[in-house]
2 protein chains.
Amino acid sequence: MNRQWQLARRPAAEPTVDDFKFATLDRPELRAADDVLIRNRFLSLDPYMRWRMNDAKSYAPPIGLGEVMVGATVGEVVASNDSGFGPGDLVVAGGGWQDYAIVKAPALRKCDAAEVGPTAYLGVLGSPGFTAYAGLMKIGEPKPGETVVVGAATGGVGSLVVQLAKSAGCRVVAVAGGAKKCALAVERFGADAAVDHRDPDLAQQLAAACPNGIDVYFENIGGRVLDAVIPLLNPFARVPVCGLISQYNSAKPDTNQTPLARLMQDTLVKRLLVRGFIVTDYLAYRDEFLAEVTPKVRSGAVVFMEDIVDGLEQAPAAFIGLLKGQNTGKLIIRID
Amino acid sequence: MNRQWQLARRPAAEPTVDDFKFATLDRPELRAADDVLIRNRFLSLDPYMRWRMNDAKSYAPPIGLGEVMVGATVGEVVASNDSGFGPGDLVVAGGGWQDYAIVKAPALRKCDAAEVGPTAYLGVLGSPGFTAYAGLMKIGEPKPGETVVVGAATGGVGSLVVQLAKSAGCRVVAVAGGAKKCALAVERFGADAAVDHRDPDLAQQLAAACPNGIDVYFENIGGRVLDAVIPLLNPFARVPVCGLISQYNSAKPDTNQTPLARLMQDTLVKRLLVRGFIVTDYLAYRDEFLAEVTPKVRSGAVVFMEDIVDGLEQAPAAFIGLLKGQNTGKLIIRID
C-alpha cells in the first residue's frame, strides 16, 4: 500500500493539520517505458511548499486539491522500466509526501550515500545547497572583505550561504530566529556575528553588526528584516531574492500586501532583475554607443527633439518646468 | 564677466526661483597645467539636478550652498594650458549654469557639430543618449518580440530608449504625460502605443497596451507608474532603474517615504542589483556546484545540520513548525 499526504484545502494563512489529508492507496505501477518505481526513504520539507499550496500563478503550478504534496525525496528503486536504473539504486527524486512514487528516469539522479549519508542529498548537496551556491556565487558574487548578510542562516540554504561566503573571504552576518540559532550560526557555521530577527531592536543590532554596510544580502525572509537591511546596503550591493518566508503565510496575491511586499514577491516568483544604474558606471561602453548611434543620428534613422530656451537667466524657471513635465523634448538652455 | 546661477537654498519640495541666486563674477582664469577655459554656449537641464540640490548622500556629493549649479554644457575653448585643446575647439564639458568655466582637460571631449549640431551632444549623443543605451542594452537586454515599456518616453533619455527598443524588434509602449506627448511618442519616435501617466485609468490602459505583459520596464518615473507596471511584469523581466522623476520633489531621505519608494530610491542611487531566482534557473551550474561542495562536505570543511523527524504521519505538523521557525537545521522526514 502507499500512504500519502494530500492537499485537502488551501490554507487561508498559517496551514493547519486539517489542510492535509492522509490517504492510503494502492502502490502505483510502472506503465511508460521510462517509469521508475521508487520507495521513498527520506522526504525534504521546505518553505517553498507553502507557496505551492496557494491557488496562485507562480513559477510552478499550484498543487491541486486532493493531489499528493510535492517534495524532494531520497529513495530506493523498487522496479524500473528504464535500463539506467535497477532495484536497490539510491536516487534523489521529486517523490512527494508518500511511501512510493513513479518517477520518470530523466528526473532521477543516483546518489552515493557512502560518505555523506543519504539525507545530505536533500540538504547541503541537494536543492537547498545548490540554491545557496547559485544565489550567492552567481548573483551575489561576493568579494573578499565584503559584508554578506544571510537570512534564515541556520536553515538548509542559509547555513551553506554562510560557509560559502566565509570561504570567499567575506565578513558574514547571520540573521536567525532566537538566541539558540544565532549561537549556532556563529559557532557551527562560522558566521562572524548573528542578529536575532525577533529582536525589537533588529535595525540597530544589524547596523552594529555591519559597520561597513552590506554588500550582499541573501534574502530568505522579507518583511522587517528587509526593512532593516535596505538602509545599510552599500553602493553596488547585490540582493539575490531566494525566499520570503515571513510572507508565505500571508502571501495571497491581490489582497492586502504592501507595494514593497508585492514587488518582492514578484521579484522572487517571476525572477525579476531590478538594477539601478548611473551612466558613468558604463563608461566602458561609450565608444560602442557612439559608434552605433552617431551614424543613425546623422542619417536620420534616429530622431531627436529639443526644447531650446534662450538665455541663461531662464534656467531656473525652465528647470522647474522640466520637473513638472512642461517641456517637450530635450531641454537645453542657449546661454547667450 | 561670468554670470552664473548658484544654489541659494535647498528646496523643501518643488524648487522655486528663490532657491537660485544669479551672480556676476569675474571671469575665471587658468591656473593648473591641465586647465582649459570654456565659454559655455549650451547648457543641458536634466532631472537629476533636482537630486543634487538636496543635502543627501547620493552617487555624487550635493551641490554646496552658494556653489554654481552643475550641468553638462557645449562650449568653445577660449584659452588652454593643455596642448590637446586650443581656442575655438568645440567641446562637451560639465561647465555648469554659467558663462565661463575652467575644466580639466581629461574631463573634456571634443565634438564635431558639422552634421548633427552642437546640442545633439547634450542629448541624443550625450549623457541622456548614452544613459538610454547603457540601461536598455546592457541591463534591459531586449529581445525581438518582447514588450518594452518606457517611462518619460519623449524626454532626452526615453526618446532614444523607444527607438533602440524598436530597432531591437520589440513592441514598445511609451508612458508620457498628456495627449500631446503620447502622440509624439508614437508618431515621431515610433512607439507602438502610448499611455498617459496622468490618466486615472493608467493601470487598465497600460494592461490593454501590453497584452503579452512587460519584459523590460525602463524606469524613469516611479510612483504610480511603477505600481501599474509591477503586476504586468513577465517572468524574467528586467527593470533598469534610471530615474524616478515623480519622486524627486519629495525625495528627502528619512522622511515619510513608503518602503517601496525607499527601496527604489536606494536602487537608483546605490545602483543596487535585486534579482529573484529559482534554483532550476541555474541548472547549468549544478555540476560545478557538486564538484566544489561535495569534497568539502566529505572532508568536513562544510558542515551541515539536520532536523530529522520520524514518520510520514508527522509531515504536516513538522511543516507547520518549519514555517514558524521551530526546527533547527534542515528539516527532513524519515518516512518509515
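Against which elements of chain A and chain B do the buried residues of α9(A) pack? In this predicted model, they pack against β14 (306-310) and β15 (330-334) of chain A together with β1 (2-7), β2 (20-25), β3 (35-44) and α1 (48-52) of chain B. Helix α9 of chain A spans residues 315-323, and its buried residues are A:Ala315, A:Pro316, A:Ala318, A:Phe319, A:Ile320 and A:Leu322. Just after this helix, A:Gly325 adopts a positive phi of about 80°.

The confidence values and the relation between the chains were examined next. Chain A has a mean pLDDT of 94, with 98% of its residues reaching 70 or more. For the complex, the predictor gives an ipTM of 0.90 and a pTM of 0.92. Chain A is superposed on chain B by a rotation of 180° with 0.0 Å of shift along the axis, at an RMSD of 0.0 Å. This is the relation of a two-fold axis. Of the interface residues of chain A, 99% are also interface residues in chain B, so the copies meet through the same surface.

Strands of both chains contribute to an open sheet of 12 strands with mixed pairing, in the order β10(A)-β9(A)-β8(A)-β11(A)-β12(A)-β13(B)-β13(A)-β12(B)-β11(B)-β8(B)-β9(B)-β10(B). At the edges stand β10 (193-196) of chain A and β10 (193-196) of chain B; each has a single partner strand, so one side of each is left without a neighbour in the sheet. From one strand to the next, the twist averages 15°. Within chain A, strand β11 (residues 214-218) and strand β12 (residues 233-241) run parallel and are joined by 2 bridges. A:Val216 stands opposite A:Arg238 of β12(A). In chain B, helix α4 (residues 179-187) lies across β9 (171-176) and β10, running at about 155° to β9(B).

Helix α7 of chain B, comprising residues 259-269, is mostly covered, with 9 of its 11 residues buried. These buried residues are B:Leu260, B:Ala261, B:Leu263, B:Met264, B:Gln265, B:Asp266, B:Thr267, B:Leu268 and B:Val269. Their packing partners belong to both chains: β12, α7 (259-269) and β13 (273-276) of chain A, together with α6 (223-229), β12 (233-241) and β13 (273-276) of chain B. The helix is followed by B:Arg271, which has a positive phi near 55°.

Methods
Residues numbered from 1 in each chain as written. Chains lettered and ligands numbered in written order. Predicted model: local features only at pLDDT ≥ 70, side-chain atom pairs only at ≥ 80, totals over all residues. Least-squares fit on C-alpha atoms with pLDDT ≥ 70 in both. Contact = placed C-beta atoms within 7 Å. pLDDT = per-residue confidence, 0-100. Pairing = 2+ DSSP bridges. Helix = DSSP H or I, 4+ residues; strand = E, 2+ residues; numbered from the N terminus. Axes fitted to C-alpha atoms, helices over the stretch in contact; angles between N-to-C directions. Buried ≥ 20, exposed ≤ 12 C-beta atoms within 10 Å, placed from the backbone.
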